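Biologist: Hi! Could you walk me through this model in plain words?

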Amino acid sequence: MTQTPRSIKILDTTLRDGEQTPGVSLTLDDKIEIAQQLNNLGVDVIEAGFPSSSEGERKVVKEIKQLGLNSQICALSRCTKKDIDAALDCNVDLIHIFIPSSPIQMKYAVNMTPQQVLSSTVESIQYIKDHGAKCEFSPMDATRTETPFLHQICQAAQDAGMDSLNIPDTVGCMIPKTTFELFKNLKTIIKVPISVHCHDDFGLAVANSLAAVEAGADQVHVAVNGLGERAGNAALEEVITTLHVVYGYKTNINTRLLYSTSRLVSSLSGVSVQVNKAIVGENAFAHESGIHTRGVTEQPLTFEPISPEIVGRTRKLVAGKLAGTRGIQAELNEIGIHPNNTQLTEIVQRVKELGDKGKSVTDADLISLTSAVMGQVIGDEKIVDLCDLAVVTGIKVLPTASVRLTLDGKEYVAAETGVGPVDAVLKAIQKLTGNLEKIKLSEYRLEAITGGSNAVAEVVVKVEDEKGNIVSARATREDIVMASVEAMINGINKCLLKNRRSNNNNSSQGKKQ
Ligand code: KIV
Ligand code: ZN
């Protein structure tokens, strides 16, 4: 008889702990968009905010609750009537109350005695239950709380009627072994569901969360891209993928939406994802060296533990000095370019030469050197062409740009404002291409600038289509606005060409079968 896989619940705190990431501040609209995405993703609980912290925050939580999502909506609250009333006023499904329980935090963060902390906990839980709401209780800094007091406060909270307990590793000081033991012991006295909430101060948030699950935790607190206080919280995408793939457990998450969720949160929060981050980093499914690209084109499992589609991604073969012939051939074939053997050897040679000079080889570089070797203009086909551009900026003038361009020969005009002329002009271009072709800028870098007021600026951009395909392009000009525009238009053209070629390829392969 096959056993039903264990099922783990997910509470996402991107909108609460995630927003506590230094430098991150999300607008009401951003938060609504993220909440809707988390709901589509399938998280069980969305911690939407901390209503008593400001009027704006209360409005956010109320509005998210009013969206009528399938996910339960939770609000954070201290153990005070004022905070709990603010959460009750938002009519949320769950109130998450917390109070410090470690000696250091009781003394220096709230200046309370253990007895005061205990009675505040009990009174708060009873107050919430008297109002017919559900309550998750967190003894803050639980992992630095003396074990007898931790057990005492958890037991008191259980007796007072908490619906679930959360154990926060507030300063991320646990290791998997101690986490496992702590949860195993708590499971013997706590009969309501237990959550785990780990911070990543030592890079162990995901490992510790999984150790808690192994010991019997029922729910994991996570944040998209691992956002959160200081080094952040356990990353949603890493916890989910490991639970599904490595442990064979079940969650309600649609893993195919993990990547688009990560991109959305990265673009709205302004916190970019490191390229080598597991699951959602740009290189997580990219292969460069010859042996790897050869392996994955023969049998993907040679160098991929999971198929990228599971998490909503596609494999990327990258041209670079370590690249092999097979990888570059596959990359070119994918976009409908078929060099002969001699041409391919020459293309590989030139890619390696570029790499040896310390240059990263962008998609646009590969296409342009392939054009040169094959003696045909491949990449100059222009789907998008810039016709005209005007930018105004000044001390009392909001930087504004208007752009006229053609897309498939049809003319479009857009204007936008920005924090500076480059921002304004790139926004204006994206306004058009984003609406028409769902392509947006995912990264902008000013790579090099030579000295002097007539310096040469080198801009590298990455643009992304709605399927998450990323194309990089560069441009070098004396005028930084023009370098940015040229790189952006190059990137958009390459992205569109790549898509259209691979669509044509697929449809002609379909016909051959
Ligand atoms: O990390 C933490 O302790 C918290 C509490 C509010 C639960 O985020
Ligand atoms: Zn936290």
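Predicted model: local features only at pLDDT ≥ 70, side-chain atom pairs only at ≥ 80, totals over all residues.

Biologist: How many helices and strands are in the protein chain?

Modeller: The protein chain has 16 helices and 16 strands. Both are DSSP runs numbered from the N terminus, with helices being H or I of at least four residues and strands being E of at least two.

Biologist: And what does the C-alpha trace span along its principal axes?

Modeller: About 80 × 65 × 45 Å. Of the 513 residues in the chain, 51% count as buried. Buried means under 20% relative accessible area, exposed means over 50%, and partly exposed is in between, using a 1.4 Å probe and protein chains only.

Biologist: Now the ligand. Which residues surround ligand 1?

Modeller: Its shell is made of Arg16, Asp17, His96, Phe98, Ser138, Met140, Pro168, Thr170, His197 and His199. A residue is near a molecule if one of its heavy atoms lies within 4 Å of it.

Biologist: Which classes do the residues of that shell divide into?

Modeller: There are 3 nonpolar, 5 polar and 2 charged residues around ligand 1. Here Ala, Val, Leu, Ile, Met, Phe, Trp, Tyr, Cys and Pro count as nonpolar, Asp, Glu, Lys and Arg as charged, and the others, Gly among them, as polar.

Biologist: How much of ligand 1 does the protein bury?

Modeller: Taken alone, ligand 1 exposes 260 Å², and the protein buries 94% of that. These areas come from the Shrake-Rupley method with a 1.4 Å probe; for residues, only the protein chains shown count as cover. The elements giving two or more residues to the shell are β4 (94-100) and β5 (134-140).

Biologist: Switching topic: how many cavities of 30 Å³ or more are there?

Modeller: The structure holds 2 of them. On a 1 Å grid over the protein atoms alone, a cavity is a set of points where a 1.4 Å probe fits but cannot get out, and a pocket is an open set with protein on both sides within 12 Å along at least five of seven lines; lining residues have an atom within 4 Å of a point. Grid points are joined across faces, edges and corners, and a volume is the space filled by probe spheres set on the points.

Biologist: What lines the largest cavity?

Modeller: Glu331, Ile335, Asp363, Leu366, Ile367 and Lys498 do, around a space of about 60 Å³. Helix α14 (residues 363-374) gives the most, with 3 residues. By class, this lining has 3 nonpolar, no polar and 3 charged residues.

Biologist: And the second largest cavity, what is its volume?

Modeller: About 30 Å³. Its lining includes Thr143, Asp169, Phe183 and His197, and β7 gives the most, with 3 residues. Remember that histidine 197 is also in the shell around ligand 1.

Biologist: What about the second largest pocket: which residues lie nearest its centre?

Modeller: Glu282, Asn283, Val318, Ser360 and Val361, out of 24 lining residues. This pocket has a volume of about 470 Å³, and its lining has 8 nonpolar, 6 polar and 10 charged residues.

Biologist: Last topic, loops. Where is asparagine 225?

Modeller: Asparagine 225 lies in the loop between β8 (219-222) and α9 (236-246). Its phi is near 60°, a positive value in a residue other than glycine.

Biologist: Is serine 71 buried or exposed?

Modeller: Serine 71 counts as buried, at 4% relative accessibility. Its side chain reaches the backbone oxygen of valine 43 at 2.8 Å, and serine 71 sits in the loop between α2 (55-66) and β3 (72-78).

Definitions and conventions:
Residues numbered from 1 in each chain as written. Chains lettered and ligands numbered in written order. Heavy atoms only, no water. Polar contact = N/O pair within 3.5 Å; in protein donor to acceptor, adjacent residues only side chain to side chain.
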